Amino acid sequence: MFNDNNLILAKGCRALGIAAKRFELNMRDCLGCGYCTEGCAYDRKQGTMITFIADALSRGVQLIHHCSIEEIVFERRGGMTRATGARGSVRASRPGSQPNTVPPGALQIAAGIVVLCGGSIESPALLERSSHPDPQHILGTGLVLHPSLPVVGLMDREIVNYRGISGAIFSDHFYESRGFYFECLFGHPVYGSFVFPGVGAEHFELMLGFSRTAAFGVMLVDSVDLANRVQWDRMQRKAVIRYRLTDADKSRLRFAAQTAVEVMFAAGAREVLLPSEEPVGTLRAPRFQRAEQAALCAELRFRPHRTTITSAHCQATVKMSEDPRLGMVNSRGESHAVQNLLVCDSSAFPTSCGANPMISIMSLARYQGRRVAAELARYDL
Ligand SMILES: Cc1cc2nc3c(=O)[nH]c(=O)nc-3n(C[C@H](O)[C@H](O)[C@H](O)COP(=O)(O)OP(=O)(O)OC[C@H]3O[C@@H](n4cnc5c(N)ncnc54)[C@H](O)[C@@H]3O)c2cc1C
Ligand code: SF4
């Protein structure tokens, strides 16, 4: 299941004395088809759809899918604000879906307790449009998202890059000292094309050489800057993300980029490319022919729309803190302002969890689920 692309990262790291490791992967009887980033059609990846949700359904939980929640309903009771349900709508199901448990149309749910888990972009947006109190103006602020810089290596031979498990090898060698990882990830050509640099003829040429291309990513554990945030835009009716790398994070990312380019050359690449159109040294863009040119990464400015930085790990927009001036929810995940409203997803992290977040999010959900079950009286349930 270790495809050539993963072995290339391992080889480059080994050549430079950088420790590389195998991911602990949450899958069973994997077929190695390589579609992991698009979702596992064979249910071999042990995601929530086939674990927690399947367990809940077998215990009688009602699942409503194709549903958009517009707002959480709050009521004033005895001088306190309390969550009592949610309003939204149900769309017609897409062909091939399991039958839904309610018909399409408007939806109103009455609930003894509301647990919000819309993710780090949608949870703060939903709270904002529900007019959740925010006296400290902290809702949605301090977004972290693990900015990731793809590094592309052109090899002299054909390699297996998107079959097998796409992400099997990583390196946390620089985590303690610099706060970044190298992680292997490749996708099928459509997905892979996003991370290739250039437009028009240059991009087309790279796509023609797809089967001789290796790639891995630098994943930076970014620091909290309250100016980085999510807001609900009432006019556009969508969540808007504002994010800029801090100067300190840019500095770490430059070092990470340089080291990653060196790793790719050490693994045998004849040319290494970054998805950037920023000039470095005498080069019109970071397309490197020799390992010594990696030092030019020190000139990268990571300008918006000039360098592609990707993200799949948004966190920390409805922060947890016992101090209501610093966080929207307490350590039970309970809103400081609204009774019987819990937030239980990546948005409730106080800051970055420091690694790929799925295990931390699922652990939080499991912990909170068990805690609520043990403390029903706390919620008048
Ligand atoms: C391509 C990709 C690959 C990844 N690979 C990994 C990996 O290998 N390891 C890892 O640890 N992490 C990985 N991640 C990150 C991980 O998937 C996320 O961090 C995690 O899913 C976030 O969990 P969450 O519960 O906070 O939010 P989500 O998983 O985003 O869940 C939020 C849910 O709420 C629903 N929702 C939102 N708003 C509404 C609304 N108004 N009404 C109704 N429903 C709503 C959404 O549809 C969604 O189902 C990856 C992410 C991506 C995109
Ligand atoms: S490679 Fe990924 S998508 Fe394919 S079977 Fe294995 S877990 Fe599923």
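This is a predicted model: local features need pLDDT of at least 70, side-chain atom pairs count only at pLDDT 80 or more; totals for chains, interfaces and linings use all residues.
Trainee: Let's start with the sheets. What order do the three strands of the open sheet have?

Mentor: The order is β2-β3-β4, and the pairing is antiparallel.

Trainee: Which strands are at the edge there?

Mentor: β2 (67–77) and β4 (105–110) are the edge strands, each pairing on one side only. On average, neighbouring strands of this sheet are turned by 25° against each other, direction ignored.

Trainee: And how many bridges are there between β2 and β3?

Mentor: Strand β3 (residues 80–90) pairs with β2 over 10 bridges, in the antiparallel sense. As one pair to look up, Ser-68 has Ser-89 in β3 as its bridge partner.

Trainee: What's the strand order in the open sheet of seven?

Mentor: That sheet runs β1-β7-β8-β9-β6-β12-β13, with antiparallel pairing.

Trainee: Why is one side of β1 and of β13 left without a neighbour in the sheet?

Mentor: Because β1 (21–22) and β13 (287–288) stand at the edges, and each has a single partner strand.

Trainee: What about β7 and β8, how many bridges join them?

Mentor: Two bridges join strand β7 (residues 169–171) to strand β8 (residues 180–184), and the two run antiparallel. Phe-170 stands opposite Glu-183 in β8.

Trainee: Which strands does α7 lie across?

Mentor: α7 lies across β6 (148–154), β8, β9 (213–220), β12 (271–273) and β13. Its direction is at about 155° to β9.

Trainee: Switching to helices. How do α1 and α7 cross?

Mentor: The axes of helix α1 (residues 4–15) and helix α7 (residues 247–266) come within 7 Å and cross at roughly 105°. That makes α1 roughly perpendicular to α7.

Trainee: Which residues make the contact?

Mentor: α1 brings Gly-12, Cys-13 and Ala-15, while α7 brings Val-263, Met-264 and Ala-266. Five of the contact residues are nonpolar, one is polar and none is charged.

Trainee: Now the ligands. What surrounds ligand 1?

Mentor: 19 residues surround ligand 1, and the closest are Gly-119, Glu-122, Ser-346, Asn-356 and Met-358. By class, the shell has eight nonpolar, nine polar and two charged residues.

Trainee: Which element gives the most to that shell?

Mentor: α3 does, with four residues. β2, α3 (119–129) and α8 (358–374) each supply at least two residues of the shell.

Trainee: And how many residues surround ligand 2?

Mentor: Ligand 2 has 13 residues around it, the closest being Cys-30, Leu-31, Cys-33, Cys-36 and Cys-40. Its shell divides into nine nonpolar, two polar and two charged residues.

Technical notes. Residues are numbered from 1 along each chain as its sequence is written. Chains are lettered from A and ligands numbered from 1 in the order in which they are written. A residue is near a molecule or strand if its C-beta atom, placed from the backbone, lies within 6 Å of it. Ala, Val, Leu, Ile, Met, Phe, Trp, Tyr, Cys and Pro count as nonpolar, Asp, Glu, Lys and Arg as charged, and the others, Gly among them, as polar. Axes are lines fitted to C-alpha atoms, for helices over the stretch in contact, and angles run from 0 to 180 degrees between N-to-C directions. Angles under 35 degrees count as roughly parallel, over 145 as roughly antiparallel, 65 to 115 as roughly perpendicular and the rest as oblique. Two residues are in contact if their C-beta atoms, placed from the backbone, lie within 7 Å. Two strands pair if DSSP finds at least two bridges between them.
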